[in-house]
Amino acid sequence: MRYRNFPMVPRVVFGNGSFLQLGEILMPKRKNSEAPFIFFIDDVFEGQPLITEVPLLFNDQIIFISSEEEPKTEQVDALVAKIKESFPVLPSGIIGIGGGTLLDLAKAVALMLTNDGSAAAYQGWDLVKKPAIYHVGIPTISGTGAEVSRTTVLMGPEKKLGINSDHTPFDQVLLDPKLTQGVPKEQWFFTGMDCYIHCIESLNGTYLNAFSQSYGEKALELCHEVYLKDISKEDSRDKLMMASWHGGMSIAYSQVGIAHAMSYGLSYLLGVKHGIGNCLVFQYLEEFYPEGVKVFKQMQEKHQIKLPTGICAHLSEEQFDIMINVSFGLVPLWENALGDNWKEIMTYDRLLQLFKKI
């Protein structure tokens, strides 16, 4: 038996207002005045007070990016090309400020600045050969676990799949719960449910071990506090940020499961965003995760969240086929959920019937 030697984020700052320390954190990492820091920032912050607090020096650059769509391999390639054209030397680092989309883009661009070819060639497990440039993650919404994971999930020409590698995790993460103020309720719920569903899938999986279990159980306990108890807004922000961290950590030695595999299919074909995609699928998985789905529905009711219906009502056979093939491509997720003989349990037709409910 060979055990994986996983990397973790080596440095993390946590605390309200810690964003203001970003300048001093970055200073020792500046290579010279020629090599800029590039800040990828969710465009919802354009013109907001946050931007005035970004510690720009010399020829540092802010690139505003929309998180309306999931990150794509071609978007990563375009950003890498733009940075290489704009500056004579490699940047001192890439800083991602936003939700999972921005964090994943920052990780992917940092990797592709030092590895040749298109990002699509690295979608999969352990294909990246050279370390990324210095990269920093600053989440402004909690739940995805992207701030701590060893993957950057991208929509490619043929599949939606992460660049899973030891070089992917951030060199530095800054967790400032204050930055998550003002997130719209629906988005807060769907992104938080990404973390909750991570935990349910990890804790009920065949890959489970004490390492994953300890993080997953803590994340689940925090999700219950945030979404089922009546706690203060400040407490809720702190706890959800830590739930996201623990939820992301629980995946390191484990995997997610059926909801994530199906959500990738929905996302690839229809562009459904990840958090809401997980919820759309998860509501119909009570035969696999009975307790998890029951509690999910309680949370949904408590916060009066309505899920869209009829998403797959008008799809053709070919379209269902594409979704199913993308989902089935995520073999480790199915193995974790259902064991080695998963193909006998989750047949093509059974998966088709599940998609048809959505």
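**Exercise 1: a salt bridge between loops**

Asp166 and Arg150 form a salt bridge whose closest N and O atoms are 2.8 Å apart; a salt bridge is a side-chain nitrogen of Lys or Arg within 4 Å of a carboxyl oxygen of Asp or Glu. The model is predicted: local features need pLDDT of at least 70, side-chain atom pairs count only at pLDDT 80 or more, and totals for chains, interfaces and linings use all residues. Residues are numbered from 1 along each chain as its sequence is written, and side-chain values use heavy atoms, with hydrogens and water left out.

Task: State which parts of the chain Asp166 and Arg150 tie together.

Solution. Asp166 lies in the loop between strands S8 (160-164) and S9 (172-175). Arg150 lies in the loop between S6 and strand S7 (153-155), so the pair ties together parts 16 residues apart in sequence. Strands (E, at least two residues) and helices (H or I, at least four) are DSSP runs, numbered from the N terminus. Arg150 is buried at 12% relative accessibility, whereas Asp166 is partly exposed at 35%. Buried means under 20% relative accessible area, exposed over 50%, and partly exposed in between (1.4 Å probe, protein chains only).

**Exercise 2: a salt bridge within a helix**

Task: Determine how Asp235 and Lys239 are placed in helix H7.

Solution. Asp235 forms a salt bridge with Lys239, the closest N and O atoms being 3.6 Å apart. Both belong to helix H7 (residues 233-250), four residues apart, or about one helical turn.

**Exercise 3: a positive phi**

Task: Locate Phe58.

Solution. Phe58, not a glycine, has a positive phi of about 45°. Phe58 is in the loop between helix H2 (49-52) and strand S3 (61-65).
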